[in-house]
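The briefing is arranged by topic.

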Amino acid sequence: MDRIYDDAKDLHVRAVCVYGKANDTAAYTDSDCTEKFKTDELKEVFLKGAVVIIGNDYFVPISFIIKNGIGTVTYVTANSSSATTAVLATLSAVKD
């Protein structure tokens with residue numbers, strides 16, 4: 001059985017914020033959206049618990065994949081034109 005362990009740096013951390021902008025798909029480490037996540041950082045925060053924040057909206061990521069060295073988290077958002085339709089959205093890191 002594989003396990004994912006907390007590190008000492010994770011003491012009392014409930015989740016890590018992954019910021020994004022409405023007009024791009026980059027994953028940022030800061031609320032000003034100036035510093036992009038690297039793939040290994042994005043993977044770590046996904047495994048240990050992350051919250052995606054776009055503007056004033058909060059989402060829980062549902063998957064993480066690496067393709068061509070670029071990590072991407074997927075989260076679900078509502079379709080603004082149909083209240084019963086969900087839309088998958090993604091935020092991507094930069095290569096390590």
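The model is a predicted one. Its largest nonpolar core has 15 residues, and a search of the whole structure finds zero disulfides.

**Nonpolar cores**

- Within the largest nonpolar core of 15 residues, those with the most contacts inside it are Val-18, Phe-37, Leu-42, Val-52, Tyr-75 and Leu-91.
- At least two residues of this core come from each of helix H1 (39-48), strand S2 (50-54), strand S5 (70-79) and strand S6 (82-92), and S2 gives the most, with three residues.
- Apart from this core lies another one, of five residues, which includes Tyr-19, Ala-26, Cys-33 and Ile-53.
- Leaving aside residues up to four places away in sequence, Phe-37 touches Cys-17, Val-18, Ala-27, Tyr-28, Thr-29, Leu-42, Val-45, Ala-93 and Val-94.
- As general background, nonpolar side chains tend to be buried together in soluble globular proteins.

**The three-stranded sheet**

- An open sheet of three strands runs in the order S1-S2-S3 and has mixed pairing; its edge strands are S1 and strand S3 (57-59), each of which pairs on one side only.
- Neighbouring strands of this sheet are turned by 30° against each other on average, with direction ignored.
- S1 and S2 pair in the parallel sense over five bridges, and the bridge partner of Gly-20 in S2 is Ile-54.

**Lys-36 in its loop**

- Lys-36 lies in the loop between strand S1 (16-20) and H1, and with a relative accessible area of 38% Lys-36 is partly exposed.
- Not counting residues up to four places away in sequence, Lys-36 touches Ala-26, Ala-27, Tyr-28, Thr-29, Glu-41 and Val-94.
- From Lys-36 to Phe-46 the separation is ten residues in sequence and 15 Å in space, taken C-alpha to C-alpha.

**Cysteines**

- Cys-17 is partly exposed, with a relative accessible area of 30%, whereas Cys-33, at 11% relative accessibility, counts as buried, because the cut-off for buried is under 20%.

Notes. Residues are numbered from 1 along each chain as its sequence is written. This is a predicted model: local features need pLDDT of at least 70, side-chain atom pairs count only at pLDDT 80 or more; totals for chains, interfaces and linings use all residues. Side-chain values use heavy atoms; hydrogens and water are left out. A nonpolar core is a set of buried Ala, Val, Leu, Ile, Met, Phe, Trp, Tyr and Cys residues joined through side-chain atoms within 4.5 Å. Buried means under 20% relative accessible area, exposed over 50%, partly exposed in between (1.4 Å probe, protein chains only). Helices (H or I, at least four residues) and strands (E, at least two) are DSSP runs, numbered from the N terminus. Contact means heavy atoms within 4.5 Å. Two strands pair if DSSP finds at least two bridges between them. Axes are lines fitted to C-alpha atoms, for helices over the stretch in contact, and angles run from 0 to 180 degrees between N-to-C directions. A disulfide is a pair of cysteine sulfur atoms within 2.5 Å.
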